[in-house]
Amino acid sequence: MGESRHIKQASRIVFSVFGAILLLFFIYFMPLPLYIFKPGSADVIGPMVKVSQPGPEDRGELMLTTVSVSNANLMGYLLSFVLPYQERQPKQDLLKEGETEEEYSQRQEVVMLTSQADAMQAAYKKLGIPYRISKDGVVLQRVYPEFPAHDVLLPGDYLVKIDDKPIQAYEDVRSALAGKKEGDQAAVTFRRGSALRTEDIALKTLPVQSGETGPARIGLGVEPVDVLSVKAESEAQQVSIQAGDIGGPSAGLMFSLEIYNKLVPEDITKGYRIAGTGIINPEGQVGVIGGIQHKVVAADRAGAEFFFAPKDVTEGGRTIENYSAAKKRAEEIGTEMKVVPVGTMQDALDYLAALPAKTGG
């Protein structure tokens, strides 16, 4: 009897421990189909932007702002209702149909590179600096799962050659595959990291895109994106940007201001800590972004004195609030940081030009 009791006791302990492990796994490690959004960082841009002949050191700082995005587990989900300035969003709202998280991350990296090129053009145009655009290759943003290429290629791979044709731009991909039939193979040379590989990949008929006419095209089933570089005619005015692992297009405005600041003799910051956000195009127009309420908190935590926010816009009868949402969050947190609406790069430059130089430390 005593032995039987001990066995039952041991069994209960084992099941209790096993149950506790399962519970902990469910609470801390079981992923939910949600992302948690919260304030990220406010990063000084100066060290990220290099010019061939740098000017005098600036007294103030320009900062880009980010949103922290993390996968939700049960604990994180519950805490997001308690901790301030956290929001939940279904993953499918952020991902394209059928897109993986890896492909989303790669898309954000590609968009960041495009944003940097646009920021350079906006600054060069504002300063009247002659430049040219070079197409430096093609990177894969996405590989569709229903195509044979999915077993070979990955987002982030650079296409180097298809058969015997070098690939420098997206049109080279279409040209190299012209005349191919479904089931044909193409010898695809690609670079992954520092390694160069060549694989034979079978081709399939591509889905018809919206507005596309004519016969169906044959392809690899990838989303290729041109890698662009902006080259100043004068080497002394050449700019390069190293932003690390920051992704997305929303730092465009702040990059353009930092580039401008590096290329003029005066310090446009005038000694202030200036944060902000906003997409920019080569003409210097500023576009709205997501998560601005989180970026305001990040900028305030970093001690920013001013925050540039894209102006609210109305599209298709719907108003997209950026400035209004930023101003509301600034009031909620009681910050002394001033939120400034901008519609163009020039709006930001005009505002900075009107500021008195900061005195003291």
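**Notes on the Ser-250/Lys-295 site**

1. Start with Lys-295: leaving out residues up to four places away in sequence, Lys-295 touches Thr-65, Thr-66, Val-67, Ser-250, Thr-277, Ile-289, Gly-290 and Phe-307 (contact meaning heavy atoms within 4.5 Å). Lys-295 sits in helix α7, residues 292-301 (helices are DSSP runs of H or I, at least four residues, and strands are E runs of at least two, numbered from the N terminus). At 4% relative accessibility, Lys-295 is buried (under 20% relative accessible area with a 1.4 Å probe, protein chains only).

2. Before going on, a caveat: this is a predicted model, where local features need pLDDT of at least 70 and side-chain atom pairs count only at pLDDT 80 or more, while totals for chains, interfaces and linings use all residues. Numbering runs from 1 along each chain as its sequence is written, and side-chain values use heavy atoms, with hydrogens and water left out.

3. Now Ser-250, in the loop between β13 (239-241) and α6 (252-263). Ser-250 is buried as well, at 14% relative accessibility. Beyond its neighbours within four places in sequence, Ser-250 contacts Thr-277, Gly-278, Ile-279, Ile-289 and Lys-295.

4. What joins the side chains of Lys-295 and Ser-250? A polar contact of 2.6 Å (a pair of N or O atoms within 3.5 Å; within protein, one must be able to donate a hydrogen and the other to accept it, and residues adjacent in sequence count only if both atoms are side-chain atoms).

5. Elsewhere, eight of the eleven residues of strand β12 (residues 222-232) are buried, so β12 is largely enclosed by the rest of the structure.

How values were computed: Buried means under 20% relative accessible area, exposed over 50%, partly exposed in between (1.4 Å probe, protein chains only).
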